Amino acid sequence: MENTIDAKNYCSDHPSIFSMASLKSFFFFFLLLSFLCPLGAAENCSNHRFDEGKTFASCNDLPSLDCSLHWNYISSSQTVEIAFRQSGVDKSPRWISWAINPEAKGMVGSQALVAFRKDDGTMAAYTSPITSYATQLEQGDISFLVDRVSSMIKDNEMIIFATLALPANTTTVNHLWQVGPLVGDVPGMHRLSGPNVGSMGTLDFLSGKVVIDRTSSRSCWKIVHGVLCTFGWGFLIPVGALIARHGKHFLGPSPAWFHAHIFCQCTAYLLGLAGGIIGVLLWLGVLGVGVEGGSHQHIGISLLCLGAIQGIVGYYRPNKEDRKRIYFNIFHYSVGYGTIGLSIANVFLGFHMVHFGIRTWPQLTYIAALSFLGFIALILEAVACFKRINASKTTMQNQIGA
């Protein structure tokens with residue numbers, strides 16, 4: 001028939017139409033797959049089924065760390081039955097924790113439920129009061145009554161069960177959840193970045209309303225402030241002083257040591273200034289709820305002033321031939337070494353403010369860095385002393401020979 005269209009010849013004569021249809025089909029299939037995959041991968045908390053017929057009236061998929069919280073609020077007794085779930089437990093040994101802070105937002109002061117699988121395969125589930133950032137989640141009594149604390153692992157999930165007694169006329173609490181590594185059968189420190197930092201909020205057991213604490217970003221700014229000031233004031237300033245002290249002996253009379261000293265101190269001051277500005281913004285509450293600075297804040301402001309004075313006086317220093325040079329040297333050395341002492345003291349005061357004990361890795365790292373600088377300083381002092389003794393002997397021999 002003349003009007004019959006040969007499909008094969010038509011597609012070969014019109015390849016663009018055939019390609020367009022294939023492309024549309026591919027994109028439709030891709031969009032359908034991308035929509036269905038998340039539905040199959042992530043189970044909504046309301047669809048979860050517990051063993052032994054346990055049921056919970058309310059639940060919430062927490063926004064981080066693959067955690068969910070289920071609960072039954074019993075108003076007549078002011079108690080709450082909870083089940084805290086965390087998925088992906090087969091990836092590595094870990095502990096999980098869910099906590100209530102009855103006093104404030106944040107980790108310190110929290111009353112925690114902790115669970116993990118021991119090396120022998122049995123489960124540990126207990127309560128732990130958190131009194132500092134250096135906690136190892138030791139077992140202990142908490143400030144409110146808790147009953148029937150237990151835990152289990154099933155289907156790649158770890159679950160904590162407990163019944164809590166809430167204070168009278170209280171349904172809204174500050175709650176936190178956390179996941180961390182195990183060191184043997186001892187909970188190790190969790191990560192200090194990413195989702196581990198912002199895993200907190202408020203929870204109303206009666207209405208089921210969960211509000212994530214967006215001001216927890218303040219913790220990130222605290223970390224930035226601490227890193228900048230510790231590296232600037234607490235490390236680079238002593239390094240710059242070390243260069244000024246021994247640069248001449250090893251780099252000779254060339255100005256290289258002086259330029260290295262200036263670069264080191266200016267970099268340290270700028271880092272400290274940036275950290276100080278962040279600290280002031282934290283104190284004012286611009287970067288979250290205001291924090292109380294106290295002595296740490298006062299010392300920090302003093303360091304900024306001393307650093308600025310050092311720079312200005314150093315820029316207008318007298319010439320070496322000037323008789324006033326000795327007064328400049330006394331002032332420069334006194335303020336310089338005093339600044340180093342205050343800087344190191346303020347770093348440790350900052351660690352104390354955020355409850356970083358001596359066993360925590362930030363403080364241990366800083367102590368190791370200071371020890372390394374001290375060791376280098378001792379070696380350089382010994383070498384310089386040896387050179388001075390040799391130079392003195394050579395001068396004496398020359399004088400005797402003359």
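Reply: A salt bridge here is a side-chain nitrogen of Lys or Arg within 4 Å of a carboxyl oxygen of Asp or Glu. The model is predicted.

Start with Lys154 and Asp51. Their side chains meet at 2.6 Å, N to O. Lys154 belongs to strand β7 (residues 146–154), while Asp51 is in the loop between α2 (15–41) and β1 (58–61), so this bridge ties together parts 103 residues apart in sequence. Lys154 has 35% relative accessibility, so it counts as partly exposed. Asp51, at 31%, is also partly exposed.

Next comes Glu157 with Arg85. The closest N and O atoms are 2.5 Å apart. Glu157 is in strand β8 (residues 157–165) and Arg85 in strand β3 (residues 79–87); the pair links distant parts of the chain, 72 residues apart. Both Glu157 and Arg85 are buried, meaning under 20% relative accessible area.

Then take Arg245 and Glu381. Their closest N and O atoms are 2.8 Å apart. Arg245 lies in helix α3 and Glu381 in helix α7, so the bridge joins parts 136 residues apart in sequence. Arg245 is partly exposed, with a relative accessible area of 44%. Glu381 is partly exposed too, at 28%.

α3 (217–251) and α7 (361–401) each supply at least two residues of a nonpolar patch. Its members are Phe250, Leu251, Phe375, Ile379 and Val383, with about 440 Å² of accessible area together. α7 gives the largest share, three residues. Leu251 is in α3 and is partly exposed, at 46% relative accessibility.

Definitions and conventions. Residues numbered from 1 in each chain as written. Predicted model: local features only at pLDDT ≥ 70, side-chain atom pairs only at ≥ 80, totals over all residues. Heavy atoms only, no water. Patch = residues over 30% accessible without salt bridge, like charges linked within 9 Å, V, L, I, M, F, W, Y side chains within 5 Å. Areas by Shrake-Rupley, 256 points an atom, 1.4 Å probe, with all protein chains shown as cover. Helix = DSSP H or I, 4+ residues; strand = E, 2+ residues; numbered from the N terminus. Buried < 20%, exposed > 50% of the residue type's maximum accessible area, 1.4 Å probe, protein only.
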